[in-house]
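Subject: Structure handover

Hello,

Here is the structure we talked about. Please open it and keep it beside this email as you read.

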Amino acid sequence: MSDTPRQLFRQEALDHYNRSEIQGSVLRLTPGWVRATFWAIMAQALVFSIVLGVVAVHDHARGPLLLRIKGQEDVTTTIPGRVSRILVSRGEWVTPGQNLVEFYSGDEEAQREQTLQEFRARLASQLLNPQSPSAQESVAGLRAQLDFNEARLSERSIKSPVRGRVQDVRIREGQYLGAGEVVVSVVSDGPVEVRALSLVPGRYRPQLRTGQPFRIELEGFAYQYTDLTVDAVSDELVGPAEVRRYLGPALADVVTLEGPVVVVESRLPTDSFEVDGHTYHYYTGMPGTAWIRLRARSAWLTLFPILELLWRDLG
């Protein structure tokens, strides 16, 4: 065996490489397109990192939404009864004291007629004998009974308490109603104010304040957003039962809640909105969803929350 160490390349190849007029690599292992792809990926990664550092991702508090018309009067029954006639329709203008709904009043009318006939008979008897104390007492008693019958008969008619426009009629003829049930809603004459009430989970209360951006989307109008500003935030958390009392019997069952919430309010600029060239009016109880912007964080912290913990530890 020869003692001369073996070389990796032949002598002829080395002599060819060492010539001054020829330059190049002895062995090329990586194609050019691989190097170009590598640097393209590195450039994209750099741009993506810069974008993640610049772009802010907002956290939102989300909750169900209800609309309420301020100035709307819910006219309710004072006594139970069965609806005889509905005298108004939606959109009609009414005046104070105008009859809206009448109930069946056969018994009241019969009692009033009977008392009226007896009152007339006793009054005629008193005129024949004006000095009789018993006749005077009897007439006075019947007059009081007649006034009572008139009052009961008047209760069988529900009247408008204000001048305004009928917003909604919630009953039908022949329906039996108990005392305190809403029959007609009337919006009083004058400027209409629409309020948006959002029921946000209670865990967000420390992060809520007036002036925050407030976005709503109404059911039936997907991707039609209205941007508002928070006007008021309830100081305390309220449970589902308290929310139902706050909303009233007409709206208590519109939303389903599972825990304590915060009531967040905002005012809409108009009483109507436009979608695809059509104008729609807001109404009380109109449901939807609300998003309240809380805070903005870097996209890096959103994608990798552990970075926020590391940052706090370093701080």
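Are phenylalanine 221 and phenylalanine 273 buried or exposed? Both of them are buried. Bear in mind that this is a predicted model.

**Aromatic pairs**

Let me stay with those two rings. Searching the whole structure turns up 5 aromatic pairs. One of them joins phenylalanine 221 to phenylalanine 273. Their arrangement is edge-to-face, with 5.0 Å from centre to centre and 90 degrees between the planes. The two residues come from distant parts of the chain, 52 residues apart. Phenylalanine 221 is in the loop between β11 (213-218) and β12 (225-229). Phenylalanine 273 is in strand β15, residues 272-275. Ring pairs also bring in tyrosines: Phe221, Phe273, Tyr280 and Tyr282 are linked into a cluster.

Now look at tyrosine 225 and tryptophan 291. They form an aromatic pair that is edge-to-face, at 6.0 Å centre to centre and 75 degrees between the planes. This pair also links distant parts of the chain, 66 residues apart. Tyrosine 225 belongs to strand β12, and tryptophan 291 to strand β17 (residues 287-298). Tryptophan 291 has 19% relative accessibility, so it counts as buried; the cut-off for buried is under 20%. Tyrosine 225 has 38%, so it counts as partly exposed.

**Arginine 215**

Tyrosine 225 has a charged group over its ring. The charged end of arginine 215 sits there, 4.8 Å from the ring centre. Arginine 215 also forms a salt bridge with aspartate 227. The closest N and O atoms of that bridge are 2.8 Å apart. Arginine 215 is in strand β11 and aspartate 227 is in strand β12, so the bridge ties together parts 12 residues apart in sequence. Arginine 215 is partly exposed, with a relative accessible area of 35%. Aspartate 227, at 56% relative accessibility, counts as exposed.

Side chains of opposite charge can pair when their charged atoms come close. How many salt bridges does the structure hold? There are 9 salt bridges.

One of them is between aspartate 231 and arginine 195, at 3.6 Å from N to O. Aspartate 231 lies in the loop between β12 and β13 (232-233). Arginine 195 lies in strand β10, residues 193-201. The pair therefore ties together parts that are 36 residues apart in sequence. Aspartate 231 counts as partly exposed at 38% relative accessibility. Arginine 195 counts as buried at 16%. Both residues belong to a network of salt bridges that links Glu193, Arg195, Asp231, Glu265 and Arg267.

Another salt bridge joins the side chains of arginine 170 and aspartate 74, at 3.8 Å from N to O. These residues are 96 residues apart, in distant parts of the chain. Arginine 170 is in the loop between β7 and β8, while aspartate 74 is in strand β2. Arginine 170 is partly exposed, with a relative accessible area of 29%. Aspartate 74 is partly exposed too, with 36%.

**The sheet with β2**

Which strands form it, and in what order? The open sheet has 4 strands in the order β2-β9-β7-β4, with antiparallel pairing. Its edge strands are β2 (72-76) and β4 (93-94), each pairing on one side only.

Work across from β2. 5 bridges join β2 to β9, and aspartate 74 stands opposite serine 185 in β9. Strand β9, residues 182-188, is mostly covered, with 6 of its 7 residues buried. Next, 5 bridges join β7 to β9. Here glycine 164 has serine 188 in β9 as its bridge partner. Finally, 2 bridges join β4 to strand β7, residues 164-169. Valine 94 stands opposite glycine 164 in β7.

**The sheet with β8**

There is another open sheet of 4 strands, in the order β6-β5-β3-β8, and its pairing is antiparallel. Why does one side of β6 and of β8 have no neighbour in the sheet? β6 (157-159) and β8 (176-177) stand at the edges with a single partner strand each, so one side is left without a neighbour. For β8, 2 bridges join it to strand β3, residues 81-86. Glycine 81 stands opposite leucine 177 in β8.

Over to you.

How values were computed
Residues numbered from 1 in each chain as written. Predicted model: local features only at pLDDT ≥ 70, side-chain atom pairs only at ≥ 80, totals over all residues. Heavy atoms only, no water. Pairing = 2+ DSSP bridges. Buried < 20%, exposed > 50% of the residue type's maximum accessible area, 1.4 Å probe, protein only. Phe/Tyr/Trp six-rings, centres within 6.5 Å; stacked < 30°, edge-to-face > 60°. Lys NZ or Arg CZ within 6 Å of the ring centre and 35° of its normal. Salt bridge = Lys/Arg side-chain N within 4 Å of Asp/Glu carboxyl O.
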